[in-house]
Amino acid sequence: MQRINAAIVGCGSIHARHVEGIKHHPEGHLHTIVELDQAKGEALAFRYGSRYVHDYLDMLCDEEIDVVHICTPHHSHREIIIAALAAGKHVFTEKPLALNVSEIQQIKQAALASKVLLGICYQNRLNPTSQKIKSMLEQQALGKMIGMRAMLTWARSEEYYSQSEWRGRFAREGGSLLINQAIHTLDLMQWFGGGVQAIKGVVDSTFLAQATEAEDTATANMMLGNGARGLFYATNCYSTDSPLLLEIQCEKGILQLHQNSLWLIVDGRSTQLVSDEITIGMEKSYWGSSHNKAISSFYRAISENIHSGYVDINQAEISLRMVDAIYQSSLLRRWITVAE
């Protein structure tokens, strides 16, 4: 069994999930921590038993590194991804892949020129509830999908934005609610619905208007790829982080994701099918518990050349195009076609 040496770039809150995922995989080894805050980086490297490097470009010169995990703010993703691919390193990045659709084209060119893999962390696809929904839809267990609705009501404070200069800024975050908190929900909707053909949406700033230059609330109607209707609502203005509510109406019944459990509703009777694995006491339970699965799927692609199970650049592009379409639609007040 050949060891996969990993480096993590950026040590914000999410990096700990990547540390856990790397150590959980039998071939994974956390080789290097890259962090601009030297004191923080050195302390974490000591805790993890890894090497500390201040500049990611120095890390990329290390031939022992096989894969680079990117856990930095959004605006730095493109630069680090392109540099890592050019250095011959596999890349596993937190979402979003880029700030906008135009940046994706630059990353695509770099990916085509390289011989390594690029994976994007959409771990919620691997939640037990998501996997069950996808399986039942593919098997057409309930017949044709007619409609889908999703509601995401979370809470972010003004301090959340003021404490990090990149949050809520188009130039550094790519927006706010849609590209950060809600993009996982958009990805699930298009994944379940066979893609998305067109979107008509509205964005607005309400309670957080003074804290962010972008939206804190968004709504959208969608023409899904399979012909069903999609309804979407998300906000960062609720009083707490409520679990995602997602409902799919099919010809023979309804699938409802509620309180992290999946329910089948037929003729008014509800049956619980499966629940997600939410770790008690986890820092942010809404991240789910599937980072380990996402990292393992990507590492399997590296070591065994099995390319199913992880989200590649083409799949990750769809949700970013959905974000872009909602912004355009809100500005132009019309339906926007979501390009292939």
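Nine strands make up an open sheet with mixed pairing, in the order S14-S13-S12-S11-S7-S10-S9-S8-S15. Another open sheet has six strands, ordered S3-S2-S1-S4-S5-S6, and its pairing is parallel. This is a predicted model, where local features need pLDDT of at least 70 and side-chain atom pairs count only at pLDDT 80 or more, while totals for chains, interfaces and linings use all residues. Residues are numbered from 1 along each chain as its sequence is written, and side-chain values use heavy atoms, with hydrogens and water left out.

A quick word on terms: helices (H or I, at least four residues) and strands (E, at least two) are DSSP runs numbered from the N terminus, and two strands pair if DSSP finds at least two bridges between them.

- S15 pairs with strand S8 (residues 196–204) in the antiparallel sense, over two bridges.
- Within that pairing, Ala198 has Thr337 of S15 as its bridge partner.
- Helix H6 (residues 128–138) lies across strands S7 (145–153), S11 (245–250), S12 (253–258), S13 (261–266) and S14, and runs at about 120 degrees to S14. Axes here are lines fitted to C-alpha atoms, for helices over the stretch in contact, and angles run from 0 to 180 degrees between N-to-C directions.
- Helix H8 lies across S7, strand S9 (217–224), strand S10 (229–235) and S11, at about 170 degrees to S7.

**Where H8 meets H10**

- The axes of H8 (residues 183–192) and H10 (residues 313–332) come within 9 Å and cross at roughly 110 degrees.
- That makes the two helices, H8 and H10, roughly perpendicular (65 to 115 degrees; under 35 is roughly parallel, over 145 roughly antiparallel, and the rest oblique).
- H8 brings Ile183, Leu186, Asp187 and Gln190 to the meeting, and H10 brings Gln315, Ile318, Ser319, Leu320, Met322, Val323 and Ile326. Contact means heavy atoms within 4.5 Å.
- By class, the contact of H8 with H10 has seven nonpolar, three polar and one charged residues (nonpolar: Ala, Val, Leu, Ile, Met, Phe, Trp, Tyr, Cys and Pro; charged: Asp, Glu, Lys and Arg; polar: the others, Gly among them).
- Ser329 also sits in H10, and at 1% relative accessibility it counts as buried. Buried means under 20% relative accessible area, exposed over 50%, and partly exposed in between (1.4 Å probe, protein chains only).
- Leaving out residues up to four places away in sequence, Ser329 touches Ile199, Lys200, Gly201, Arg334 and Ile336.

- Strand S4 (residues 67–70) pairs in the parallel sense with strand S1 (residues 4–9) over four bridges; Ala6 has Val67 as its bridge partner, and Ala7 stands opposite Val68.
- S4 is also joined to S5 by four bridges, again running parallel, with Phe92 of S5 as the bridge partner of His69.
- Both faces of S4 are covered: Val67 and His69 are buried on one side, Val68 and Ile70 on the other.
- Helix H9 (residues 291–304) lies across S1, strand S2 (28–34), S4, strand S5 (90–94) and S6, at about 165 degrees to S5.
- In helix H1 (residues 15–24), His15, Arg17, His18, Val19, Gly21 and Ile22 are buried; the buried residues of H1 pack against S1, S2, helix H2 (38–48), S4, S5 and H9.

**H4 against H5**

- Helix H4 (residues 77–86) and helix H5 (residues 101–113) pack at about 10 degrees with their axes 9 Å apart, and are therefore roughly parallel to each other.
- Arg78, Ile81, Ile82 and Leu85 of H4 make the contact with Glu103, Gln106, Ile107, Ala110 and Ala111 of H5.

- Most residues other than glycine have a negative phi, and most peptide bonds are trans.
- Lys95 and Pro96 are joined by a cis peptide bond, with omega about -10 degrees; Pro96 is in the loop between S5 and H5.
- Asp267, in the loop between S13 and S14, has a positive phi of about 55 degrees and counts as exposed at 77% relative accessibility.
- Arg333, in the loop between H10 and S15, has a positive phi of about 60 degrees and counts as exposed at 54%.
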